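Please look over the structure shown below before reading on. The notes after it go from a single residue to the whole chain.

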Amino acid sequence: MSKKKESGTEEAVLTYLTKNNRPYSAVDIFTNLHKEFGKTAVQKSLENLATQGKIKEKLYGKQKVYAPLQDHFGDFNENEIKTLDDQINKLQAKLKILQETYKSNESDLRKLNNSLTTEEATEKLAELVKKIEGYEKRLTKIKSAENHVTPKEKDAIYKNHKTAVTLWRKRKRMCTDIINSILEGYPKPKKQLIEDVGLETDEEYGAVLPKA
């Protein structure tokens, strides 16, 4: 590498370190300079700058890290630092308020997006009114009907239903017992026996015996 090119690399590396004022490895600087200079050239420039006392070199494990000298940045004014801290605190407080306001506005917007528009609400109301009118007509018709079932008639219906179900269950059990008796000496399956005698079953017609 020529002296001029080497000097240019050192100048670029030193400028970068001073501008950012934080420690970097040779690989970091090589990458952050967009690979404008070779990795070997960057490493050599850092070593030269450290030897010249223009930057600091520290070893962390197996990796070398380089940082600018802090005396280049002058003395710090405590009052200025305090003023900056106060400004930062005020800005952070303001940021917090803005974030809370944004969050609240976002929540309100979400609610508005999920709510019905005036047109949708009007349509929904009309639909509900129509349903209510239909229910009221049905209720009026039921109340005005003259063929209501009396309690006595209702009891008679329940009694007849219970008697019919009892007879159904009894006859079904008798039929099942007879079929099982025949099957003891019948050479074919139960299904075939039912077909042979032309027996009609509840299952065939989808009839279900009510529970007791």
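Two residues are in contact when heavy atoms of theirs lie within 4.5 Å. The model described here is predicted. By that contact rule, and leaving aside residues up to four places away in sequence, Arg22 touches Leu17, Tyr66, Ala67 and Pro68.

**Arg22**

- Arg22 sits in the loop between helix H1 (3-20) and strand E1 (24-25).

**Helices and strands**

- The protein chain contains seven helices and three strands.
- Read from the N terminus, the order of the elements is α-β-α-α-β-β-α-α-α-α.

**Overall form**

- The radius of gyration of the protein chain is 48 Å, whereas a compact globule of 212 residues would have one near 17 Å.
- Along the principal axes, the C-alpha atoms of the protein chain fill a box of roughly 115 × 65 × 30 Å.
- In the protein chain, 51% of the contacts between residues at least 6 apart in sequence join residues at least 24 apart.

- Buried residues make up 14% of the 212 residues of the protein chain.
- The protein chain exposes about 18200 Å², and 56% of this area comes from carbon and sulfur atoms.

Key
Residues are numbered from 1 along each chain as its sequence is written. This is a predicted model: local features need pLDDT of at least 70, side-chain atom pairs count only at pLDDT 80 or more; totals for chains, interfaces and linings use all residues. Side-chain values use heavy atoms; hydrogens and water are left out. Helices (H or I, at least four residues) and strands (E, at least two) are DSSP runs, numbered from the N terminus. The radius of gyration is taken over C-alpha atoms; the globule rule is 2.2 Å times the number of residues to the power 0.38. Buried means under 20% relative accessible area, exposed over 50%, partly exposed in between (1.4 Å probe, protein chains only). Accessible areas come from the Shrake-Rupley method with a 1.4 Å probe; for residues, only the protein chains shown count as cover.
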